[in-house]
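Here is a short briefing for a first look. It covers a surface patch and then charged pairs.

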Amino acid sequence: MKFGKSICVLNVGGTRYAFTREVIRDFPLRRVSRLHACATEKEVLELCDDYDRDRNEFFFDRHAQAFVFIMLYVRSGKLRFVPGVCELSFYTEMLYWGLESAHLDSCCQKRLDDRMSDIGMDSLSEEDIMLSGDECQTPEETVPRSVLTGRAKWLERMRKTFEEPNSSLAAQLLASVSVIFVIVSMIMLCASTLPDWDTAKRNTVEEHRIVEAVCIGWFTAECIVRFLLARDKCNFIRHPLNIIDAIAITPYYVTMAMAGAGMPGAGLGVAGVLLRILRMMRVFWLMKLARHFLGLQTLGLTLRRCYREMVMLMVFIFVAMAIYSALAQLLEHGLVLDSPNQDYASIPAAAWWVIISMTTVGYGDVYPVTVGGRVLGGMCVVSGIVLLALPITFIYHSFVQCYHELKLRSARYARNVSAEVLQ
């Protein structure tokens, strides 16, 4: 920006906001940050409705209340709909300022997807919605997204590339490479448990080390880059998938540190047992696939939303287990004086029979022999089926809902990727 004062004033629907030039340059809203690159008033008027040179004030004839909520997103990183405002109207305001539906919180994304599905707009791209909802916008304002608007936009694009595999073609390629490394790592982990693995490893020890080091190096670099690009570092550390990444990566470096310290890896001591546990923890690499596959994402989102139903299910099982195990111990061992059934010598031992009966597994290693015990076993099986079925309905409906949401989001990203390829 080569004109005006050092303080820039944004007037949105009559509400004024004052910022410095440096803040405008790195502003998270694409339309605002593009003001810094303007060299003439003509270029400025292509982005706003009017400009006052004396006060260095930019006028935007937009929804003032919607912009208040958008500014809350700029400050806190959380974007929600304005109460009492149509979802599509607010969505049009978002697109005008350079935001996308992915910036919305998950609950608001669901509302938007449902609204667009109801009126048949779910097949339109975000550019089409913006053009149809903003008739006042001139053709010159529809600048392609590939136009560089500063460091903030570049960081946001890089963050989406690493965090959202379906957001762009580059993100899909990066996700494909990551999946390949996960598959190779799991093949190495499974092959290491084969009887002939030790002989093969001695013959090709360098190759195995190189493959393992390359995979770990990729996972480590990916995790570090995602941490550096994260908006909120604390939320990044607390995210479950990021915790799983740390659990999967850390054992390799601990193993290398222990090997460097001269601790035996194949011994029977504490160090050897610890190394075996750390190696087996690499199975958590499979959880990285949740970033790239819709089914695993649906499962994780369902479990997160249905934790109350899951807790209720566990309470049902534990209460029934306590009751049936106590009765089974009494009928099979406590009341039989001549030859009591030793498999039911205690309530904890009987609890094992209760859990495999309620889940209809029935290994056959423990079973009742008295008439009363068999009647109790039948009641245990029937009640187990009923108790397990009660919360399943809620979990099923939540699973379908989560799958629908993620599928719509994936389809929206796919349309953006198709547009990117065509451009």
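A patch here is built from residues with over 30% relative accessible area and no salt bridge, and nonpolar side chains are joined within 5 Å. The model is predicted. One nonpolar surface patch spans about 810 Å². A search of the whole structure also finds 8 salt bridges.

**Nonpolar patch**
- The patch is made by Phe293, Leu296, Leu299, Leu303, Ile392, Tyr396, Phe399, Val400 and Tyr403.
- Helix H15 (294-305) and helix H18 (371-422) are the elements that each give two or more residues.
- H18 provides the largest share, 5 residues.
- Ile392 lies in helix H18. Its relative accessible area is 43%, so Ile392 counts as partly exposed.

- Glu57 pairs with Arg16, with the closest N and O atoms 3.1 Å apart. Glu57 sits in strand E4 (residues 57-60) and Arg16 in strand E2 (residues 15-20), 41 residues apart.
- Glu57 is buried, at 1% relative accessible area, whereas Arg16 is partly exposed, at 48%.
- Arg16 and Glu57 also belong to a network of salt bridges with Asp52 and Arg55.
- Arg226 and Asp245 form a salt bridge at 3.5 Å, N to O. The pair links helix H11 (residues 205-229) to helix H13 (residues 240-260), 19 residues apart.
- Both Arg226 and Asp245 are buried.

**Another salt bridge**
- Arg25 and Asp26 meet in a salt bridge of 3.6 Å, N to O.
- Arg25 is partly exposed, with a relative accessible area of 38%. Asp26 is partly exposed too, at 32%.

Key:
Residues are numbered from 1 along each chain as its sequence is written. This is a predicted model: local features need pLDDT of at least 70, side-chain atom pairs count only at pLDDT 80 or more; totals for chains, interfaces and linings use all residues. Side-chain values use heavy atoms; hydrogens and water are left out. Patches are made of residues with over 30% relative accessible area and no salt bridge: like charges are joined within 9 Å, nonpolar side chains (Val, Leu, Ile, Met, Phe, Trp, Tyr) within 5 Å. Accessible areas come from the Shrake-Rupley method with a 1.4 Å probe; for residues, only the protein chains shown count as cover. A salt bridge is a side-chain nitrogen of Lys or Arg within 4 Å of a carboxyl oxygen of Asp or Glu. Helices (H or I, at least four residues) and strands (E, at least two) are DSSP runs, numbered from the N terminus. Buried means under 20% relative accessible area, exposed over 50%, partly exposed in between (1.4 Å probe, protein chains only).
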